[in-house]
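Work through the exercises below with the model on screen. Try each task before you read its solution.

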Amino acid sequence: MKLNNKNLILSSLAALGLALSASAAIAADYPEKGNFVKGAKAWADNCVRCHNLRDAKELRDDQWITTGFHMRVRGGLTGQETRDIITFLQQSN
Amino acid sequence: MSKTIKPFHKALLAAAISAALPITGFAATDLELLKQEVAQLKNDVKDAKEWRNQNSLMHMAGYANVGYVSNDNPAMEDSFLGGTFAPIFHYQFRDQVMLEAELEISTAEDGSTVVAMEYLSIDWIINDNMILVAGQFLSPIGNFRQNLHPSWINKLPSAAPGFGHDGAAPVSDIGFQLRGGFHIGDMKANYAVYASNGPEIKAEIAPDAGDSTAIDEIEYDGIEAEAFGADGDGEKVFGGRFGILPIPSLEIGVSFVSGKATVTSYEGDEYTGTTIPSLDGVAASTYDVAGMDVSWRNKSFDVRYEYIKSEVGETSIGAYDLATTEWSTWYGQVAYKIPSTKFEAVLRYADFDSPHGSKDQQQTMVGLNYLVTNNFIAKLGFESNDNPNAGQKAYDRTLVQLAYGF
């Protein structure tokens with residue numbers, strides 16, 4: 001039986017999926033990892049000071065970094081609170 | 001790193017071929033094709049890995065709103081509103097610096113497109129408690145302008161009188177700002193202090209009652225408190241806000257600005273004479289702002305109060321003396337999220353006092369919001385507007401707005 005195009009495509013997609021899954025474990029090495037539990041509390045306490053809570057699944061992990069730093073500037077968060085919140089959102093994503 | 005990837009992809013290739021070739025025979029052309037696919041796959045994986053490991057991140061956030069307005073002003077038609085698109089660009093290098101820029105793009109009444117720079121700053125993350133915000137920034141005076149004005153955050157379809165681009169509260173400025181947060185025991189605090197170009201002032205020539213070509217007096221018309229690209233009057237201001245949260249659900253903020261500002265232009269067309277007193281050499285006036293804001297929330301309620309007063313001291317233009325003048329505004333707002341529903345009811349009262357009686361406004365606004373999602377909100381609001389001065393009229397409005405934050 002010959003390898004037809006459909007099998008080739010399926011094989012390639014499977015391999016690509018595996019490869020991307022492997023790369024997905026590699027996250028940006030900044031900011032320093034925060035505390036998940038403290039991040040959940042800081043997220044609940046601080047975000048609603050101005051706006052409705054945003055779901056962790058709305059953005060990619062890297063987008064939560066920029067968003068977290070933007071909100072740090074806007075909301076007067078400390079660096080540690082920001083790292084905790086980013087960790088919480090990334091791990092909940 | 002490539003040493004770890006290559007064996008990995010050899011294994012992937014073997015797995016893929018094993019899965020796809022349960023029996024032995026295949027054509028040489030198919031093998032060549034597969035090799036090409038794998039080579040492409042390696043590149044894709046490399047690209048994906050670069051994306052995830054990059055030192056620079058780019059992200060576009062922002063908000064947009066569209067709507068409809070109906071009013072009882074006979075001189076104005078009801079209208080659909082093209083709304084506003086406000087993209088916010090973030091470009092960040094690791095955890096050291098972030099560039100932030102927000103544009104506000106809208107369609108004017110004549111169909112032209114209006115683009116305005118809301119802010120553009122380079123934020124230097126100095127340490128855990130301090131960030132230098134340099135460039136054009138939203139005024140940190142009070143809470144509404146810097147944090148609550150985006151349409152998907154503002155719980156009503158309009159800003160309270162005096163808090164928009166129209167009044168007592170400073171809007172934006174250009175300068176250097178230090179801001180951040182810190183803990184005081186179990187309490188939390190945040191701060192912002194800045195030095196900036198500050199505002200400029202407009203004056204109005206009031207004509208004589210019986211002769212519009214004769215000058216009766218010159219008075220302050222308004223404060224232009226949106227950022228100027230260059231400091232036209234050379235006078236700087238200093239200001240800031242300090243906020244404290246005794247408990248996480250309660251924030252109390254106080255704000256101030258102090259400095260000088262100068263009359264740089266005239267406003268108004270009531271005076272029709274040709275003699276315009278020169279503004280060259282006009283002495284700068286003192287400029288002071290004081291503000292206070294309080295917010296409290298629980299699971300269903302969100303309560304806010306904010307007060308701002310701006311004062312410009314006396315000066316002279318030619319033979320005409322301009323007296324100390326102040327603008328003040330405040331609002332109180334209660335929002336109630338109806339439990340187990342996506343509905344939210346909002347009530348706001350605001351009182352804007354201007355030196356010009358025709359601009360005074362007392363507003364009661366009620367609104368009902370439907371939260372399609374937490375960042376996509378359909379709003380219905382009714383403004384009851386009154387001018388307390390005899391002979392003056394303020395018109396009521398009904399507004400519908402769809403606001404989306406992204």
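Two strands pair if DSSP finds at least two bridges between them. Helices (H or I, at least four residues) and strands (E, at least two) are DSSP runs, numbered from the N terminus. This is a predicted model: local features need pLDDT of at least 70, side-chain atom pairs count only at pLDDT 80 or more, and totals for chains, interfaces and linings use all residues. Residues are numbered from 1 along each chain as its sequence is written, while chains are lettered from A and ligands numbered from 1 in the order in which they are written.

**Exercise 1. Strand 21 of chain B**

Find the bridge partner of B:Ser70 in strand 21 of chain B, then place the strand among its neighbours.

Solution. Start at B:Ser70: its bridge partner is B:Thr398. Next, count bridges. Strand 1 (residues 56-71) of chain B pairs antiparallel with strand 21 over nine bridges. Strand 20 (residues 376-386) of chain B also pairs with strand 21 in the antiparallel sense, over eight bridges. There, B:Ile377 has B:Ala403 as its bridge partner. Last, sort the side chains of strand 21 (residues 397-405). B:Arg397, B:Leu399, B:Gln401, B:Ala403 and B:Gly405 form the covered face. B:Thr398, B:Val400, B:Leu402 and B:Tyr404 form the uncovered one. In a regular strand the side chains alternate between the two faces of the sheet.

**Exercise 2. Strand 7 of chain B**

Which residues of strand 7 of chain B point to the buried face?

Solution. A residue is buried if 20 or more other C-beta atoms lie within 10 Å of its own, exposed if 12 or fewer, and partly exposed in between; C-beta atoms are placed from the backbone. In strand 7 (residues 187-196), B:Lys188, B:Asn190, B:Ala192, B:Tyr194 and B:Ser196 are buried on one face.

Strand 6 (residues 172-184) of chain B runs antiparallel to strand 7, with ten bridges. B:Gly180 stands opposite B:Tyr191. Strands 6 and 7 of chain B form a hairpin with two residues between them. In the turn, B:Gly185 has a positive phi of about 60°. Strand 10 (residues 237-247) of chain B is joined to strand 7 by nine bridges, also antiparallel. Here B:Ala192 faces B:Arg241.

**Exercise 3. Two residues of chain B**

Why does B:Val114 count as exposed?

Solution. B:Val114 lies in strand 4 (residues 113-127) of chain B. B:Val114 is exposed because it has 12 other C-beta atoms within 10 Å. B:Thr272 sits in the loop between strand 12 (263-267) and strand 13 (285-297) of chain B.

Then list contacts (C-beta atoms, placed from the backbone, within 7 Å). Neighbours within four places in sequence are left aside. B:Val114 is in contact with B:Ser106 and B:Ala108. B:Thr272 is in contact with B:Ser212 and B:Thr213.

**Exercise 4. Helix 3 of chain A**

Check the span of helix 3 of chain A.

Solution. The expected span is 1.5 Å times one less than the number of residues. Helix 3 (residues 61-75) has 15 residues, so it should span 21 Å. Its end C-alpha atoms are 20 Å apart, which agrees. Just after this helix, A:Gly76 takes a positive phi of about 65°.

Terms used. Contact = placed C-beta atoms within 7 Å.
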